[in-house]
Number of protein chains: 4
Amino acid sequence: MGIRVAVAGASGYAGGELLRILAGHPEFDLVAATAHTQAGARISAVHPQLAGLDLTLVETGPATLADADLVFLALPHGQSAALAAQLPDGVRVVDLGADHRLADADAWTRYYGGTHAGAWTYGLPELPGARAAIAGSTRVAATGCYAAAISLALAPLIAAGAVEPTDVVVVAASGTSGAGRAAKVNLLGSEVMGDLTPYKVGAHQHVPEIKQATGAASLSFTPVLAPMPRGILATVTARPTGAADPRDVLTATYADASFVHVLPEGAWPHTAATLGSNSCHLQATVDVDSGRVIVTSAIDNLGKGAAGQAVQCANLMFDLPETTGLSVFGVAP
Amino acid sequence: MGIRVAVAGASGYAGGELLRILAGHPEFDLVAATAHTQAGARISAVHPQLAGLDLTLVETGPATLADADLVFLALPHGQSAALAAQLPDGVRVVDLGADHRLADADAWTRYYGGTHAGAWTYGLPELPGARAAIAGSTRVAATGCYAAAISLALAPLIAAGAVEPTDVVVVAASGTSGAGRAAKVNLLGSEVMGDLTPYKVGAHQHVPEIKQATGAASLSFTPVLAPMPRGILATVTARPTGAADPRDVLTATYADASFVHVLPEGAWPHTAATLGSNSCHLQATVDVDSGRVIVTSAIDNLGKGAAGQAVQCANLMFDLPETTGLSVFGVAP
Amino acid sequence: MGIRVAVAGASGYAGGELLRILAGHPEFDLVAATAHTQAGARISAVHPQLAGLDLTLVETGPATLADADLVFLALPHGQSAALAAQLPDGVRVVDLGADHRLADADAWTRYYGGTHAGAWTYGLPELPGARAAIAGSTRVAATGCYAAAISLALAPLIAAGAVEPTDVVVVAASGTSGAGRAAKVNLLGSEVMGDLTPYKVGAHQHVPEIKQATGAASLSFTPVLAPMPRGILATVTARPTGAADPRDVLTATYADASFVHVLPEGAWPHTAATLGSNSCHLQATVDVDSGRVIVTSAIDNLGKGAAGQAVQCANLMFDLPETTGLSVFGVAP
Amino acid sequence: MGIRVAVAGASGYAGGELLRILAGHPEFDLVAATAHTQAGARISAVHPQLAGLDLTLVETGPATLADADLVFLALPHGQSAALAAQLPDGVRVVDLGADHRLADADAWTRYYGGTHAGAWTYGLPELPGARAAIAGSTRVAATGCYAAAISLALAPLIAAGAVEPTDVVVVAASGTSGAGRAAKVNLLGSEVMGDLTPYKVGAHQHVPEIKQATGAASLSFTPVLAPMPRGILATVTARPTGAADPRDVLTATYADASFVHVLPEGAWPHTAATLGSNSCHLQATVDVDSGRVIVTSAIDNLGKGAAGQAVQCANLMFDLPETTGLSVFGVAP
């Protein structure tokens, strides 16, 4: 018997992707998957792509989770803190929600409302020092989807002094699964196909998370909903300092990274190329005329932006190779 | 008999949209539609959406065009100048290509290559003074698709001194029809569906055109190819001067505009809402934290970004109401 | 002042398309648009594509509708009969719902449940004798979307004895707007993009309507949900009798039809070519090896399948040319 | 060192999917991937989803393939026979093309043209007796994509006498990758998004293959191009004999199948649920009114319809568990 794993909130999109990854993971054995309104349902009725997986959803709660060695929390923001507090200390927990991401309680309250539950180890392994911190933690807050795409592009440049941390401008577009599985008119296929629309302009809750993860001092962030199920393409621009070539910095930073690929010069990231994988594709250029570095970053929002990221963290927490059970390669076309 | 109209380059996407609009135009009578490799084809074989239109494509050239009162040139960049030079002076011409858009010959050569053919009246009617200039011209260079979406958002703000003309940052995503109808692997449905990818980063040929139309002094522009047939969503950010509220400036500028709508506060543009129309939807906000004005702009790249725009100009050139034959309302969902 | 028109149920997809068409109709003046939960909302908040239309939704009921000369009912099935009964006899009514389509009360109860409200004149103008019947009626039941696509393909063949009325097999795929605007998880963009799925197999409520409209004696009908906002492609197969060539029958039947186009041999219908139009594109072939006639039919489910159809009927009811305010040409690509 | 594997025709969609599967296969070691015009290119330049795979395409030919223990041929129809003839007898070969699928030389010539190269063992493992035949072969012709989806639905019903083999009617829609990666205008994203269109009606080259695989005596087959990159949904109807319940037959046939899932009653296949997997989802019902059995079948055309199928066959040929390196679960949403 391997490491016993449970997934709370398995009826959503991130939960479904976790189950798919775990079904192919050689060391993690899925022992429970929980939901609330869908408790009692066969998994294939909730996630048709998992037909053939013999599993019934059970009610979310400590009783169904505490017996596991590892628990993934894929719950709506604001619900994981209370549940996590009821789990035994010995259970390792990776929270895909936002409850424990921010160190700044004021920022948390401002963007999420309610009381801040305290910060956990931040789960973006490719940040400096993050692998060791994650490996030594029993509680890890996996990064948000936009934050993952943007931080992988930006954090090394600020850390290396290659760009100024002020006046960073980001526009990032996400596939619709990033907006969750709740039934809403504005997320209907009829509304989103053929459509691009911005939302939460200048007010997205990932702004403080990105600042925390990257050291950006000011950040203009415009999220856009794009007509595809998955994928995030982030365009990150900042002013170069001239201290180092941005592309060289990224190339050096990720030279040994399994999942982050700086593309050859002239090639630009495609979100479709990351579908179903835990990879991030990056490219950078300096636009001399406009005085801006432009870095573009592509991930699968449910992969590197959620479930893949979380499993990567869990691998580190259990001293497994971080690529265990994860795919570097996307499913395309 | 009304005004006799010919369309050169009718086999492409902009050409097809021109034919569709002209078929419903009460004053313009289509007398010729031309193409090169498709000359001789029935129009419905080339544009299935025009089944029922009794028309055969003829060879592009002065012989097939000079008899018209009005000629639309929807040819690849670099081909319209030579053809236009062969048309009688009395024929009014609207060029949907780039050949005559730029006043700066050096910029033209740098971005398009070859010899600059000289500038015509720039065909974006909503710019200050443009309606009168267009009405008084026999040669008009219709604006590029990205340039239309971005200039409508940005030009009034710079003109009013509401934003600084330096360090403008734009990310704009376009549907695939903006890339034309030539058969290319990277434009196959299998490649573009589910995919977002940047291209020509910092090097798009619309940069000098946007600067010219808006007065921007420096402009970082990242174009993105989006998985939809039509539509452009432009996110334009610039630093506010504090001299005027950007949204108020836009509202005042377009108070009497038939096709440009500043949406109510809290509503953001959807590209799908402009499909098939000549409308542009705008929204603006000031993000105090990041010190950026963010304006988003949505158009149909073949409508306000190409064929609709061109017909609007032609209406002005023939002293017709500018809305004649054009739709304000989009086809959605 | 022209003909005064009201739309009940204007917040749904068919209602929105009706408003779009009516906004460009030269004889019909929109005087009221009603909704229930959305009553009080500005139309552009409900239908962003109608930005620029100065209209506020009012509560659905006889009080807001009875003052019109013409009322379109775009309500959920089962709601129009009660409302229609409260409208003055002199008001002409076109019902886009199913309440009054079926002559067979038993069939109505079996497929829709509840009590049959009685049949009105069936609103598919291209059926034999239908134009005159519609023109002479004050109450017309517009045809269902699938029924329109399928009946236009099949009815002439059965009427001409070109195919057997038994063992007709139909598979038809529809864009998601055909499933309405209610927020449902299975209609989310994340679920429908990239997906084809059958539903209501052998049990769709349009089966009795199609039988009634076409004379089919037995009909196997499999509807499929397709990843696009609009469009129906119906594949209709039946056994040829040899009495007449099916394509010739269709060509002769629709020789003078404004909206129904039998494509040239070798060309097959594209749903995208009918987007936003009131057209139907048809093609037929006889597959000698399998002993089947195959007719394919493409429409816009909100155009010829709903709002366009309804306006066409209304035009006839007011002795206007049936094409008034309607487009023959689709918006493509 | 494991089993040495080469892929010929690695630049196409099936070739790319083969490389992705092989990269995660624990027993097959990729030693060569070949192409023609793309020879010399880095694999990530041709397949961006394979960024991180250290591989350069080499020229297709016996010299680059003969050293392998196993060769997959993913070449255009008509090209594999000549190449296969030049490979040593000891090399096991799985051909994803059509050259060796048909036993009937006349049918081959009629549908493909040219000279028939002879039949190999047919590579659909779930057909009766097929696993043993494949395991004992050194040359296997993997099944066509439509043929796979349709045969899995139909073959057991005809074999069990549950349906009549005459007058089978099939409509099946495929994602665009099924049409290959050649640059063609009708396959551009602008043309296919939002569009459904039939093609090769009654004349598709898979008709004789399906008849051969299923025992169908007459088959009406209408293929439809659908607006999604991957996936086939086949709707198969036939007349029931009454000898056995069709759904029971399918359930019994596939009780032990790893990749073919008969869904619970009331659930219908979704193509998206099979994305990236080697699974086939089936559902069947008897429509008493119309006298038709309706079976719907969903696969990933590049998975069970091409590359997954081929690897499954190869697993059998090397006496590995047939699921080795293949996924049962789809990537969704």
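This report describes the chain interfaces, the nonpolar core and selected salt bridges of a predicted model.

## Basis of the report

Residues are numbered from 1 along each chain as its sequence is written, while chains are lettered from A and ligands numbered from 1 in the order in which they are written. Because the model is predicted, local features need pLDDT of at least 70 and side-chain atom pairs count only at pLDDT 80 or more, whereas totals for chains, interfaces and linings use all residues; side-chain values use heavy atoms, with hydrogens and water left out.

## The interface of chains A and B

Between these two chains, 40 residues of chain A are in contact with 40 residues of chain B, contact meaning heavy atoms within 4.5 Å. The size of an interface is often given as the accessible area lost when the parts come together. For chain A and chain B the buried area is about 3,300 Å², and carbon and sulfur atoms give 60% of it; this is the accessible area (1.4 Å probe) that two parts lose on being put together, summed over both.

Six salt bridges are counted between chain A and chain B, a salt bridge being a side-chain nitrogen of Lys or Arg within 4 Å of a carboxyl oxygen of Asp or Glu. There are also 18 residue pairs in polar contact, with both residues at pLDDT 80 or more. A polar contact is a pair of N or O atoms within 3.5 Å; within protein, one must be able to donate a hydrogen and the other to accept it, and residues adjacent in sequence count only if both atoms are side-chain atoms. Among the elements that give two or more residues to the side of chain A that touches chain B are helix H5 (105-112), strand S10 (219-225) and strand S13 (280-287) of chain A. The largest share, four residues, comes from S10(A). Helices (H or I, at least four residues) and strands (E, at least two) are DSSP runs, numbered from the N terminus. By class, this side of chain A has 18 nonpolar, 14 polar and eight charged residues. Here Ala, Val, Leu, Ile, Met, Phe, Trp, Tyr, Cys and Pro count as nonpolar, Asp, Glu, Lys and Arg as charged, and the others, Gly among them, as polar.

## Salt bridges across and within chains

Arg110(A) and Asp289(B) meet through their side chains in a salt bridge (2.8 Å, N to O). Arg110(B) likewise forms a salt bridge with Asp289(A), with the closest N and O atoms 2.8 Å apart. This pair joins two chains, because Arg110(B) lies in helix H5 (residues 105-112) of chain B and Asp289(A) in the loop between S13 and S14 of chain A. Arg110(B) is exposed at 57% relative accessibility, and Asp289(A) is partly exposed at 41%. Buried means under 20% relative accessible area, exposed over 50%, and partly exposed in between (1.4 Å probe, protein chains only). A network of salt bridges links Glu164(A), Asp167(A), Arg239(A), Arg292(A), Glu164(B), Asp167(B), Arg239(B) and Arg292(B).

Over all chains, the structure holds 64 salt bridges. One of them joins Lys304(A) to Glu126(A), with the closest N and O atoms 2.8 Å apart. The two residues are 178 residues apart: Lys304(A) is in helix H11 (residues 303-317) of chain A, and Glu126(A) is in the loop between strand S6 (121-123) and helix H6 (130-135). Lys304(A) is buried, at a relative accessible area of 0%, and Glu126(A) is buried at 8%.

## The interface of chains B and C

Here 27 residues of chain B are in contact with 27 residues of chain C. The area buried between chain B and chain C is about 2,200 Å², and carbon and sulfur atoms give 70% of it. In chain B, the residues that lose the most area to chain C are Gln49(B), Phe329(B) and Pro333(B), together 32% of what that side buries.

The count of salt bridges between chain B and chain C is zero, while eight residue pairs are in polar contact, both residues at pLDDT 80 or more. Helix H1 (residues 13-23) of chain B gives the largest share of the side that touches chain C, four residues. That side of chain B divides into 16 nonpolar, eight polar and three charged residues.

## The nonpolar core and a buried threonine

The largest nonpolar core has 367 residues, and those with the most contacts inside it are Phe72(A), Phe72(B), Phe72(C) and Phe72(D). A nonpolar core is a set of buried Ala, Val, Leu, Ile, Met, Phe, Trp, Tyr and Cys residues joined through side-chain atoms within 4.5 Å. Leaving aside neighbours within four places in sequence, Phe72(D) is in contact with residues including Val5(D), Leu18(D), Leu96(D) and Val311(D).

Thr176(D) is found in the loop between strand S8 (168-174) and helix H8 (189-192) of chain D. Thr176(D) is buried, with a relative accessible area of 1%. Beyond its neighbours within four places in sequence, Thr176(D) is in contact with residues including Gly189(B), Ser190(B) and Met193(B), as well as Val192(D) and Leu225(D).
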